[in-house]
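Please consider the model shown below. The paragraphs after it proceed from one chain as a whole to selected elements of another.

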Amino acid sequence: MLSHRLGSRSSGLDWPAYLQRRAAEAREPMLRTFFAAGWPAPDTPLAETPLVALDLETTGLDVQRHAIVSIGLVPFSLQRIPLAERRYWIVRPSRPLSETSIAYHHITHSEVAAAPDLEAILPELLEALAGRIVVVHFRHIERPFLDEAVRARLGEGIRFPMIDTMSLEARLHRLSLWSRLRRWMRRPPVSIRLGDSRRRYGLPDYQGHHAMVDALATAELLQAQVARHYAPELPVSALWT
Amino acid sequence: MDAELLEIRQHMGRFPPFDALDDELLDSVAGQVEVGYFKAGSDILQLDQELHELCYIRSGAVEVRRRTGDLHNRLGEGDIFGHFSLLRNHRVRFPARALEDTLIYYIPEPVFRRLCEADEHFADFVELERPRLEAAVEEHKKANDMMITRVRKLLTRYPVMVEAGASVQEAARQITASQASAALILDTPDGDPRHTFTDSEDRPWRLHGILTDSDFRTRIVAEGLSPDTPVGSLASGRLITIQSDESVHEAMLCMLRNNIHHLPVLYRRRPVGIVHLSDIIRYETHSSLYLVSNIFHQSSVEGLARLAPDVRAAFMRMVEEGASSQMVGSALSTIGRSFVRRLLELAEEALGPPPVGYCFMVNGSMARNEQTIVTDQDNALILADDFEPERHDAYFLRLAQFVSDGLAACGYAYCKGEVMATNPRWRQPVAVWKRYFSEWIEAPTPERLLHCSIFFDLDSAFGEEAYVEQLQDLIARQAPESPRFLAAMARNALNRKPPLGFFRTFVMEKDGKHNNSINLKRRGTAPLVDLIRVHALACGSRAQNSFERLDDIAATQLLAPGVGEKLRYAMELLSMVRIRHQVLDLQHDQEPDNNIEPENVADSERHHLKDAFQVLSHAQKFLKYRYPVPAPTGRAR
């Protein structure tokens with residue numbers, strides 16, 4: 001399977017070793033507990049892997065200049081997404097909120113002013129993520145922003161294995177022979193944005209840019225991607241990065 | 001409300017039964033949903049699998065099959081499934097499979113139970129013990145009739161009002177001059193603003209009392225009062241009034257409670273009319289009565305034909321005011337018979353008196369009192385037995401021609417099957433008709449069965465009623481004794497089957513095919529009427545109307561308990577939907593027909609129609625077993 005081969009190539013990092021090492025080396029107890037949580041082994045079949053969909057809304061795309069405003073997550077499995085277990089937080093960004101980001105996320109100054117600093121909700125957040133494979137759409141936001149935010153507060157960063165539904169779409173639509181042919185013919189590339197990707201699987205349009213709604217949308221997308229393209233017995237390490 | 005759940009609750013809030021939930025309940029449902037994705041072709045529920053959730057289709061399409069593999073239903077966005085199993089043994093009875101890529105919202109059982117407890121409408125929707133069909137028909141009945149019509153609709157003019165200083169004689173004169181039966185007595189204001197109103201000339205008045213026809217007897221003449229007695233001096237008890245926006249029903253109750261026949265109607269504090277008990281009684285049938293008397297006043301076919309738009313108007317009014325199908329059917333049949341009678345009177349005027357006695361028989365929907373606005377004529381002539389064709393038939397042919405052409409001019413299309421008195425076969429003396437009927441019952445052939453289904457709904461419209469009664473007696477006597485005939489009629493009643501239901505903008509057939517529209521008469525009411533007729537024949541019922549036939553059937557053991565009721569609800573619902581769609585056609589200036597297009601069927605109506613189709617389908621299956629073909633007689637054992 002094409003995607004499988006690409007999957008193993010891109011997971012250059014040995015996640016079990018990394019998690020184990022951090023569990024031993026982390027100075028902060030909260031992080032030690034996080035890294036020492038029972039993580040799924042690389043050969044765990046997807047169907048049995050505990051997952052959690054995560055979405056961050058930020059004031060911008062640059063981790064150096066922008067900050068997190070809201071976090072939404074929902075634990076799930078390939079079979080079910082229990083909404084009752086969803087979590088959603090608005091946090092006060094360490095950097096000022098721009099007008100454009102307000103228009104974008106519909107989160108206002110007063111909501112932000114009343115919100116706690118991310119540090120206050122960090123224990124709950126880490127507990128919700130620990131031991132589950134985090135599923136995001138475009139990991140280059142969630143991974144660096146979370147890493148940076150935790151580093152700023154606890155003095156050391158945080159990384160963990162993720163499944164990126166956007167790169168799964170890219171494998172299917174950007175790296176295939178057909179898509180290279182399209183590019184060669186100067187056709188526009190297939191969109192792999194969340195909404196466009198979902199539409200290809202018959203998933204409904206949701207109002208975007210709400211961290212909780214996007215997390216749910218991402219969870220549904222992964223269920224759909226696996227249902228259509230992968231075997232539920234596929235080891236989780238084939239998709240994580 | 002959590003903004004993140006908006007997507008879910010807004011979607012659910014668009015579809016029954018969730019559309020009727022209050023916001024708080026809906027929020028709590030949305031927050032408990034579990035989501036699952038199924039690619040096209042994959043199983044969602046497997047037979048006998050344990051189930052503890054209700055399934056809601058957020059997007060995609062699902063096919064539900066029976067244990068036998070037959071298609072049971074096809075569902076789309078906003079539909080639910082699984083409630084069957086949840087309410088029974090938690091085992092999946094109808095396996096479900098994704099037809100397209102499908103997103104399911106699972107509603108956990110505790111939430112489902114809470115909804116059933118907290119919301120009666122929701123419980124009715126999913127509950128099978130008390131079917132939605134019954135609930136729908138009852139609700140329609142409750143919501144209409146006199147309940148929703150406001151009492152002000154009954155007022156035709158302002159009340160007669162006399163000042164308190166006027167004499168009773170003057171009051172009597174005014175009431176008589178206005179052809180009224182009561183007057184209101186006005187006095188000067190007593191300072192209490194609650195009783196004060198101003199008239200059109202801005203003068204303030206107080207409503208003092210009412211003086212009715214019977215008051216002149218009981219309170220004036222019997223008391224020996226002089227004609228000069230001022231009306232204001234008559235002892236007046238508390239005046240009972242009603243506000244103009246109250247329902248006709250409430251007005252009626254108010255009169256009955258207080259034992260009064262006149263009820264002043266007020267708009268705020270100003271009197272706007274007086275309702276008499278007879279106004280209310282007349283109300284229900286007023287427009288059709290008026291139309292009928294108008295029919296009998298016409299002196300030519302042209303005059304009758306000009307009434308066709310009035311028939312449509314009366315039909316629309318009745319439906320808009322929420323009449324039941326039985327009320328509409330009987331009113332339209334009465335109107336139709338009136339046309340027949342008036343045409344026969346006119347024909348006799350033109351042709352002279354008939355040479356021998358005759359009865360003009362009507363058949364089909366008019367005989368059953370189930371006519372709608374889309375109808376053709378089915379009729380025949382039964383002649384006295386001293387009828388001699390060579391001498392008399394020319395007269396009756398002209399008579400039949402006159403009526404048939406006249407009916408066509410009034411909007412009753414000629415019968416395509418030639419079931420009309422103009423056809424010599426259907427213009428015969430009593431003895432021949434008896435022979436026809438006996439032959440049909442004794443040796444049913446496909447052609448004869450077709451005749452039975454038309455002629456065995458029969459009633460007299462004009463002339464010697466006894467002739468039709470003799471034929472009705474014959475049927476009631478012979479049919480129940482003829483198992484072979486009943487078996488043949490039963491099989492004949494299965495020729496037209498209902499569809500399975502609807503799927504998106506299509507009518508879905510049992511074999512999974514889709515159609516763009518459905519003839520609700522051919523696929524719904526007519527097969528149901530056929531089916532009820534078979535049971536009615538079997539129990540020797542003389543009733544013609546399907547609902548009355550069901551009453552007779554209910555007195556026997558022919559149907560399992562409760563089945564008769566279900567058939568009644570199905571009949572009412574199918575008839576009403578058909579009638580309502582005819583009104584829709586009329587409102588859009590289209591020629592009304594018996595077709596309905598799925599895109600014009602509201603969501604809730606779809607569910608009810610599907611239930612009604614199912615009732616019909618079950619009843620058809622039962623018919624085959626109830627009236628089996630008897631073994632040939634005389635066979636050696």
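In this predicted model, chain A contains eleven helices and six strands. Of its 241 residues, 40% are buried. Among the contacts in chain A with a separation of 6 or more, 69% join residues 24 or more positions apart.

In chain B, four strands form an open sheet of mixed pairing, in the order 18-17-16-19. Strand 18 (427–429) and strand 19 (458–463) of chain B are the edge strands, each pairing on one side only. From one strand to the next, the twist averages 30°. Strand 16 (residues 358–363) of chain B pairs with strand 19 of chain B in the antiparallel sense, over five bridges. B:Phe360 stands opposite B:Phe462 in strand 19 of chain B. Helix 15 (residues 325–351) of chain B packs on the sheet and touches strand 16 and strand 19 of chain B; the direction of helix 15 makes about 35° with that of strand 19 of chain B.

Further along chain B, helix 23 (residues 546–554) and helix 24 (residues 563–587) pack with their axes 10 Å apart, at an angle of about 175°. Because angles over 145 degrees count as roughly antiparallel, helix 23 and helix 24 of chain B are roughly antiparallel to each other. Their contact brings residues of helix 23 of chain B, including B:Phe547 and B:Leu550, to residues of helix 24 of chain B, including B:Leu567 and B:Met571. By class, this contact has six nonpolar, two polar and one charged residues.

Helix 25 (residues 603–626) of chain B has 24 residues and spans 35 Å from its first C-alpha to its last, close to the 34 Å expected. Among the buried residues of helix 25 of chain B are B:His607, B:His608, B:Asp611 and B:Phe613.

Definitions and conventions: Residues numbered from 1 in each chain as written. Chains lettered and ligands numbered in written order. Predicted model: local features only at pLDDT ≥ 70, side-chain atom pairs only at ≥ 80, totals over all residues. Helix = DSSP H or I, 4+ residues; strand = E, 2+ residues; numbered from the N terminus. Buried ≥ 20, exposed ≤ 12 C-beta atoms within 10 Å, placed from the backbone. Contact = placed C-beta atoms within 7 Å. Axes fitted to C-alpha atoms, helices over the stretch in contact; angles between N-to-C directions. Parallel < 35°, antiparallel > 145°, perpendicular 65-115°, else oblique. Nonpolar A, V, L, I, M, F, W, Y, C, P; charged D, E, K, R; others polar. Expected span 1.5 Å × (residues − 1). Pairing = 2+ DSSP bridges.
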